[in-house]
Amino acid sequence: LGRDPGPGGEAAIGAAQSGRAVTVESAGGVIAASPATGPDGTTVVLVSLDAADLRAGLGPSLLALLVAGLVLLGAAAVTAVVLARRTAAPLTDMADVAHEMADGDLDVRAAPSGVAEVAEVGVALNRLAGRVQELLADERRSSADLAHRLRTPLTALSVDLDAVEDTTVRTRLRDDLDAVQTSVDEIITSRRRPEREGLRAASDAVEVVA
């Protein structure tokens with residue numbers, strides 16, 4: 001098939017007669033030889049292609065490959081964007097939940113979603129919020145117990161002061177006792193406060209201007 005390969009085809013024919021297909025270069029093209037075994041023996045199919053034959057159809061093939069590559073690249077980009085959004089959206093939601101917790105709202109919870117690792121972070125954040133609430137509840141119970149344990153002896157001291165006959169001494173002791181009671185009240189109030197102040201920088205602009 002094709003042009004007469006001339007003497008260059010003899011080597012290809014000899015190799016194909018041994019039972020294997022071969023391709024050899026010739027002047028300005030290539031020669032392909034393939035054996036075909038039948039009842040009458042081995043027949044060699046010889047194909048000779050010149051440079052023009054080798055380039056035939058190359059342009060459309062390259063164009064098809066380019067189009068296919070662009071399509072695959074676009075599909076990969078769209079897939080990457082979708083996956084990135086699926087990963088980033090739950091992280092953004094958890095960041096908002098964390099900011100609300102930092103502002104004092106410990107009842108807010110994250111909705112675990114997205115990939116398994118991101119969902120696990122949401123579960124851990126919810127567990128952390130629950131644990132913080134438990135610790136605050138324990139602290140308030142301890143504060144109530146502290147108030148009872150401190151105010152009872154202070155009340156007894158106040159009653160005992162009434163029995164002091166020296167007015168000057170009684171007045172001085174009363175002032176000292178009032179100062180202690182004020183300090184105790186401040187400590188208990190600060191421990192009972194549901195939201196700690198000073199954790200995040202804040203300013204009341206209206207109050208500052210006033």
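Biologist: Where is Leu 63 found, and is Leu 63 buried or exposed?

Modeller: Leu 63 belongs to helix H3, which covers residues 58-102. Exposed is used for a relative accessible area over 50%, and because Leu 63 has 52%, Leu 63 is exposed.

Biologist: How should I picture a helix in general, and how far does H3 reach from its first C-alpha to its last?

Modeller: An α-helix has 3.6 residues a turn, so residues three or four places apart point the same way. In this structure, H3 has 45 residues and reaches 65 Å from its first C-alpha to its last, which is close to the 66 Å expected at 1.5 Å a residue.

Biologist: Which residues of H3 are buried, and what covers them?

Modeller: The buried residues of H3 are Pro 90, Met 94, Val 97 and Met 101, and what covers them includes helix H4, residues 116-161. After H3 comes Gly 104, with a positive phi near 115 degrees.

Biologist: How much of the prediction can I read in detail?

Modeller: Where pLDDT is low, the predicted coordinates should not be read in detail. Here the protein chain averages a pLDDT of 81, and 93% of the residues score at least 70. Among the elements of the chain, helix H2 (residues 51-55) has the lowest mean pLDDT, 73, whereas helix H6 (residues 205-209) has the highest, 90.

Technical notes. Residues numbered from 1 in each chain as written. Predicted model: local features only at pLDDT ≥ 70, side-chain atom pairs only at ≥ 80, totals over all residues. Heavy atoms only, no water. Helix = DSSP H or I, 4+ residues; strand = E, 2+ residues; numbered from the N terminus. Buried < 20%, exposed > 50% of the residue type's maximum accessible area, 1.4 Å probe, protein only. pLDDT = per-residue confidence, 0-100. Expected span 1.5 Å × (residues − 1). Contact = heavy atoms within 4.5 Å.
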